[in-house]
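I opened this entry to keep track of what I looked up. My notes go from the whole chain down to single residues.

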Amino acid sequence: RQNQPNPFSLTTEIRFELPIATPVRLEIFDLQGRRIATLADRSFPAGFHTAPWDRRDATGVRVKPGIYLYRLEAGTFRDQKKMSIFP
């Protein structure tokens with residue numbers, strides 16, 4: 001699902017649903033393809049889940065406003081979506 005809210009300035013939530021328990025990897029990238037943060041990298045049970053993001057990179061620094069991508073991998077499922085951060 002698309003992150004909500006989008007665009008955002010402080011925080012957003014990425015929601016996903018799993019039909020069965022499966023390993024999930026959820027990562028944030030800049031437009032140059034550099035990984036900014038990993039929000040999830042573990043197994044989740046079946047059901048609805050939410051991963052919040054507060055604009056912080058892997059070192060804890062807030063990223064600049066702009067366009068970012070998030071990639072969700074769950075089992076064999078792969079999806080990527082855009083999100084916008086404004087000041």
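What follows are my notes, made on a predicted model.

**Overall fold.** I began with the secondary structure. The protein chain has 6 strands and 0 helices. Read along the sequence, I get the pattern β-β-β-β-β-β. Next I checked the radius of gyration, which is 13 Å. The globule rule gives 12 Å for 87 residues, so the chain is as compact as a globular protein of that length. I then boxed the C-alpha atoms along the principal axes and got roughly 40 × 25 × 20 Å.

Burial came next. Of the 87 residues, 33% count as buried. I also looked at the contacts between residues at least 6 apart in sequence. Among these, 52% join residues at least 24 apart.

**Segment before E1.** I went through the peptide bonds here. The bond from glutamine 4 to proline 5 is cis, with omega near -10°. Proline 5 sits in the segment before E1. A cis bond also joins asparagine 6 and proline 7, with omega about 5°. Proline 7 is in the segment before E1 as well.

I stayed in this segment for leucine 10, which is placed before E1. Is leucine 10 buried or exposed? I noted it as exposed, because its relative accessibility is 52% and the cut-off for exposed is over 50%. I then listed its contacts, leaving out residues up to four places away in sequence. Leucine 10 touches Trp53, Asp54, Arg55 and Arg62.

**Arginine 55.** One of the contacts of leucine 10 is Arg55, and I followed it up. Arginine 55 lies in the loop between strand E4 (47-53) and E5. Its phi is positive, about 70°, although the residue is not a glycine. I find arginine 55 buried, because its relative accessible area is 10% and buried means under 20%.

**Aspartate 30.** I moved on to strand E2 (residues 22-30), where aspartate 30 is placed. Its relative accessible area is 8%, so aspartate 30 falls under the 20% cut-off and counts as buried. What does its side chain reach? I found the backbone nitrogen of glutamine 32, at 3.0 Å. Aspartate 30 also makes a side-chain polar contact with arginine 34, at 2.7 Å. I then set aside neighbours within four places in sequence. That leaves aspartate 30 in contact with Ile36 and Tyr68.

**Largest pocket.** I finished with the pockets. How much space lies in the largest pocket? I noted about 220 Å³. The lining has 17 residues. Phe16, Glu17, Leu72, Ala74 and Phe77 lie nearest the centre of this pocket.

I sorted the lining by strand. Strand E1 (12-18), strand E5 (66-74) and strand E6 (77-85) each supply at least two residues. The largest share comes from E1, with 5 residues. By residue class, I count 9 nonpolar, 3 polar and 5 charged in the lining.

Technical notes:
Residues are numbered from 1 along each chain as its sequence is written. This is a predicted model: local features need pLDDT of at least 70, side-chain atom pairs count only at pLDDT 80 or more; totals for chains, interfaces and linings use all residues. Side-chain values use heavy atoms; hydrogens and water are left out. Helices (H or I, at least four residues) and strands (E, at least two) are DSSP runs, numbered from the N terminus. Buried means under 20% relative accessible area, exposed over 50%, partly exposed in between (1.4 Å probe, protein chains only). A polar contact is a pair of N or O atoms within 3.5 Å; within protein, one must be able to donate a hydrogen and the other to accept it, and residues adjacent in sequence count only if both atoms are side-chain atoms. Contact means heavy atoms within 4.5 Å. On a 1 Å grid over the protein atoms alone, a cavity is a set of points where a 1.4 Å probe fits but cannot get out, and a pocket is an open set with protein on both sides within 12 Å along at least five of seven lines; lining residues have an atom within 4 Å of a point. Grid points are joined across faces, edges and corners, and a volume is the space filled by probe spheres set on the points. Ala, Val, Leu, Ile, Met, Phe, Trp, Tyr, Cys and Pro count as nonpolar, Asp, Glu, Lys and Arg as charged, and the others, Gly among them, as polar. The radius of gyration is taken over C-alpha atoms; the globule rule is 2.2 Å times the number of residues to the power 0.38.
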